[in-house]
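Here is my note on the structure. The points can be checked one at a time against the coordinates.

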Amino acid sequence: MSPGVPSGPAEPSRKVVAAPGRPSAGPDPVTLLRTALAEDWTVGLFAHVNPDSDTLGSALALGLALRDAGATVVVSFDAEPFQVPDGLAFLPGHDLLVAPARLPARLDLVVTLDAAAPHMLGVLADRMAGAPHTLVVDHHRSGADFGQVRMVDPDAPSTSTVVLQLLDRMGLALTADVATALYAGLATDTGSFRQATTSAAAHRAAARLVDAGADPTVIGWSVWGIHRFGYVGLLAEVLGRAGLSECSGAEGHRLAWTYITDADLARHGLRLEHVEGVVDVLWGVLEADLAAVAKELPDRGWTVSLRSRGPIDVGAVAMGLGGGGHREKAGFTVSPGVNQAAAGQAGQAGPGGGRPDDETRVGQIVAAILNQVRRHASGHSSSGSSASGSSGDGPMGTTTIRVAHLAAAPRPS
Ligand code: MN
């Protein structure tokens with residue numbers, strides 16, 4: 001919970017917690033998985049919606065390792081149509097993937113990877129709720145009542161390193177495919193080994209995975225470097241309307257932000273999964289310690305990615321807005337109908353060149369983020385998970401604050 005530099009333990013600590021009220025349901029994850037193997041359970045491994053390489057790499061790695069040990073395993077995630085995002089096509093084990101609608105009628109054990117709450121599973125939340133045995137493998141710090149058996153290590157750099165611990169404890173083989181899937185999750189969740197999650201333990205895990213056959217060059221380019229040409233044009237547009245803002249009460253903390261509409265994506269032939277990297281450009285803005293990219297969803301809601309390079313915990317900021325995540329990387333979503341009326345209170349619309357209603361909406365979102373930043377900067381941090389929406393200003397922050405838009409990116413004439 002405490003912000004700041006990573007404590008850098010020699011090895012990630014293992015926190016195995018049985019859910020309250022189910023003390024004997026599953027004593028620990030190793031026993032549970034050994035039982036699954038011994039009794040030939042059908043095991044469903046679930047990644048979260050909008051899968052990234054940590055959630056899907058962790059699920060496929062654990063799936064491959066368990067299948068190699070003789071288990072009956074399927075891997076799934078909620079997506080319609082059910083297809084692996086472009087950037088994750090290199091992950092091994094695609095033959096384990098089964099669409100939610102085609103899953104076996106009975107799953108004896110459901111294991112979730114990198115998901116902090118049921119809603120992150122989308123339609124698969126029901127399959128988890130209906131499973132006789134559940135195991136949560138994760139490194140997010142929220143959701144202690146989620147899952148009968150939990151192997152959750154908030155200090156782990158990625159869920160994939162928690163899976164690595166699990167494989168070690170079970171004595172399962174680290175094949176080249178398993179190592180590749182685990183390394184992908186580790187490389188992604190450490191920001192290619194530059195974020196605060198990049199502990200010595202992260203590098204030791206990486207070294208083991210490379211020794212076992214993971215190729216850092218192939219995985220690195222796959223995860224971070226490859227994009228479609230249309231992305232270059234989209235970058236030019238959305239970075240061209242970026243803003244730099246701060247709010248009264250939190251001077252010293254500045255947010256570099258921009259937004260991407262559904263129409264932007266369509267114009268450049270891209271989907272949401274192709275533009276995850278836009279926020280990384282803003283993350284490095286010298287004059288800011290915070291970055292945000294708001295992306296319009298097909299239902300006219302917005303999904304917002306947050307990044308921090310300084311002391312502000314954007315995981316806590318996101319939690320205050322109904323989302324969650326980590327200290328450096330987090331996100332939240334804004335539903336379509338959220339109070340347009342607050343636009344007048346939320347400061348000026350952005351300096352960009354989009355449609356006025358998009359600009360107004362994004363102006364609201366920027367103000368809501370800065371309002372949360374102001375609360376956390378002044379020590380009114382909502383340390384509990386239940387503070388969201390209960391303290392007078394709702395998820396979109398109807399408190400009146402003054403937002404100063406310090407700069408807008410130069411516009412082409
Ligand atoms: Mn992760």
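Which residue in E8 is the bridge partner of leucine 244? That is where the first point starts; please bear in mind that this is a predicted model.

1. The bridge partner of leucine 244 is alanine 256, in E8. The two strands concerned are E7, residues 243-247, and E8, residues 255-260, and they pair in the antiparallel sense over three bridges.

2. E7 and E8 belong to an open sheet of seven strands, with the order E11-E12-E10-E9-E8-E7-E13 and mixed pairing. Its edge strands are E11 (324-325) and E13 (403-408), each of which pairs on one side only.

3. For the chain as a whole, the model has 12 helices and 13 strands. Of its 413 residues, 46% count as buried. Among contacts between residues at least 6 apart in sequence, 71% join residues that are at least 24 apart.

4. E2 (residues 42-46) pairs with E3 in the parallel sense, over five bridges. Within this pair, valine 43 stands opposite valine 73 of E3. To get from E2 to E3 the chain passes through helix H2, residues 53-68, and the β-α-β crossover is right-handed. E3 itself covers residues 72-76; four of these five residues are buried, so the strand is largely enclosed by the rest of the structure.

5. Alanine 71 lies in the loop between H2 and E3. Its C-alpha is 7.5 Å from that of threonine 42, although the two residues are 29 apart in sequence. Leaving aside residues up to four places away in sequence, alanine 71 touches Ala36, Leu37, Val43 and Leu66. Is alanine 71 buried or partly exposed? It has 19 C-beta neighbours inside 10 Å and therefore counts as partly exposed, since a buried residue needs 20 or more.

6. Helix H4 (residues 159-170) passes a simple length check. Its 12 residues, at 1.5 Å a residue, should span 16 Å, and the end C-alpha atoms are 17 Å apart, which agrees. Nine of the 12 residues are buried, so H4 is largely enclosed by the rest of the structure. The buried residues run through Thr159, Ser160, Thr161, Val162, Val163, Leu164, Gln165, Leu166 and Leu167. Just after H4, glycine 171 takes a positive phi of about 70°.

7. Some backbone values deserve a look by eye. Most residues other than glycine have a negative phi, and most peptide bonds are trans. Aspartate 40 has a positive phi, near 50°, and sits in the loop between helix H1 (29-38) and E2. With 11 C-beta neighbours inside 10 Å, aspartate 40 counts as exposed.

8. Serine 192 likewise has a positive phi, near 55°. Its place is the loop between helix H5 (176-189) and helix H6 (200-211). Serine 192 counts as partly exposed because it has 17 C-beta neighbours inside 10 Å.

9. Which peptide bond is cis, with omega near 0°? The bond from glutamate 80 to proline 81 is. Proline 81 is in the loop between E3 and strand E4 (109-113).

Methods
Residues are numbered from 1 along each chain as its sequence is written. This is a predicted model: local features need pLDDT of at least 70, side-chain atom pairs count only at pLDDT 80 or more; totals for chains, interfaces and linings use all residues. Helices (H or I, at least four residues) and strands (E, at least two) are DSSP runs, numbered from the N terminus. Two strands pair if DSSP finds at least two bridges between them. A crossover is right-handed if, with the strands pointing away from the viewer, the path from the first strand over the helix to the second runs clockwise. Two residues are in contact if their C-beta atoms, placed from the backbone, lie within 7 Å. The expected span of a helix is 1.5 Å times one less than its number of residues.
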